[in-house]
Amino acid sequence: MRIEYDIKLGFKDVMIRPKRSTLKSRSEVDLNRNFKFLHSPFSWEGIPIMAANMDTVGTFDMATALFQKKVFTAIHKHYSLNEWNQFLYKAPKGIEDYIAVSTGISKKDFENLSAILKTHPHLKFICIDVANGYSEYFANFVKKTRKQYPKKVIIAGNVVTGEMVEELLLSGADIIKVGIGPGSVCTTRVKTGVGYPQLSAIIECADAAHGLGGQIISDGGCSISGDIAKAFGAGADFVMLGGMLAGHEESGGDIINKNGKPYRKFYGMSSSTAMDKHVGGVAEYRASEGKTVEVPYRGPVENTIQDILGGLRSTCTYVGAHRLKELTKRTTFIRVAEQENKVYTK
């Protein structure tokens, strides 16, 4: 047993200090990024926000809506090949650059991934997603996937420390998903005691990834647009959102009427709800590590995305960043004991 005494920080522990700016308007800020990848020959351009690969967020309808803003969607892994066929038959041209095929690491998962990519070889992104990215088996699965698909962009996670970021990049991943336990419907920290404050995880993992030419995704912990700005300021290349995109028309999930108001179910992918739905229940050797909640119905996702992008542009004007790429270099975090005045709350 050992104790690390260095302070680790989450989004609520800091704010971004404003700096002198020459920007006249938020409209001058460019949120587009262009990335080249460590292993894949593809390059990517767009706004580096991602919808999470949860079945009440990472849907085909969500991907179609977000594509209009050049925002990315990691499609959840529970769609069948036939559903993929139907979606891609009618999907807008170019959407393949803004979606990832998600997979777990079981034999069945790999077979499903292989079937989708064999039928649709133009798809460029693979998201290998597990709750715990620290197993040797996971790293070997990344190696296997890279060998099978040498040109695809491979996203792998989740981890929260620099040494595992390096391990996965060297195993063949291009982008590492960072975050254990910060999600709004994740109970891993409660059930296991394991986790890492998200802001510090981003800072440390970004440093490790960028040293090797890889990228990271901050996955989880954002509840307001200011958190997204902090994630980018800390060095994240992409920011993945779950709860912030839940409850919309495109989110999927059953609509429930309570007291005359509509709600949509939102749940973690390690919750009993998800496991009952997809694998016949929680296995006797494990525990549920996710919540199931009812989110007020929020209508089309377009308004939410507009609000998020507006907040991000505003952050850039406060620190003088003409482009999102410049935000990290222009960010100075200050530690705080309070974030907002809550005298009036909804």
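1. Aromatic pairs. A search of the whole structure, which is a predicted model, turns up 13 aromatic pairs. Ring pairs join F35, F37, W44, F67, F72, Y98, F125 and F238 into a cluster.

2. Lysines over rings. Two cases deserve a look. K70 sits over the face of F67, 4.7 Å from the ring centre.

3. Salt bridges overall. Side chains of opposite charge can pair when their charged atoms come close. Across the whole structure, the search finds nine salt bridges. The points below take up three of them, among them the pair of E204 and K8.

4. E204 and K8. These two side chains form a salt bridge, with 2.8 Å from N to O. The pair links distant parts of the chain. E204 belongs to helix α7 (residues 198-212), while K8 is in the segment before β1. The two are 196 residues apart. How accessible is E204? E204 counts as partly exposed, at 27% relative accessibility. K8 is also partly exposed, with a relative accessible area of 25%.

5. D129 and K177. Their side chains meet in a salt bridge at 2.7 Å, N to O. D129 lies in strand β6 (residues 125-129) and K177 in strand β8 (residues 175-178), so this bridge ties together parts that are 48 residues apart in sequence. Is K177 buried or exposed? K177 counts as buried because its relative accessibility is 1%, and the cut-off for buried is under 20%. D129 has a relative accessible area of 25% and is therefore partly exposed.

6. D219 and K177. K177 also meets the side chain of D219 in a salt bridge, at 3.0 Å from N to O. D219 lies in strand β9 (residues 215-219) and K177 in strand β8, so the pair ties together parts that are 42 residues apart in sequence. D219 is buried, with a relative accessible area of 15%.

7. The network. Which residues are linked in a network of salt bridges? They are D129, K177 and D219. K177 takes part in the bridge with D129 and in the bridge with D219.

8. R146. This arginine is placed in helix α4 (residues 136-148). R146 counts as buried, at 11% relative accessibility. What does R146 touch, leaving aside neighbours within four places in sequence? Its contacts are H39, S40, K151, K152, I154, S171, G172 and D174. V165 stands 19 residues from R146 along the chain, and their C-alpha atoms are separated by 16 Å.

9. Nonpolar patch. M1, I3 and Y5 make a nonpolar surface patch of about 490 Å². M1 lies in the segment before β1 (14-16). K8, the salt-bridge partner of E204, is placed in the segment before β1 as well. M1 is exposed because its relative accessible area is 93%, and the cut-off for exposed is over 50%.

Terms used. Residues numbered from 1 in each chain as written. Predicted model: local features only at pLDDT ≥ 70, side-chain atom pairs only at ≥ 80, totals over all residues. Heavy atoms only, no water. Phe/Tyr/Trp six-rings, centres within 6.5 Å; stacked < 30°, edge-to-face > 60°. Lys NZ or Arg CZ within 6 Å of the ring centre and 35° of its normal. Patch = residues over 30% accessible without salt bridge, like charges linked within 9 Å, V, L, I, M, F, W, Y side chains within 5 Å. Areas by Shrake-Rupley, 256 points an atom, 1.4 Å probe, with all protein chains shown as cover. Salt bridge = Lys/Arg side-chain N within 4 Å of Asp/Glu carboxyl O. Helix = DSSP H or I, 4+ residues; strand = E, 2+ residues; numbered from the N terminus. Buried < 20%, exposed > 50% of the residue type's maximum accessible area, 1.4 Å probe, protein only. Contact = heavy atoms within 4.5 Å.
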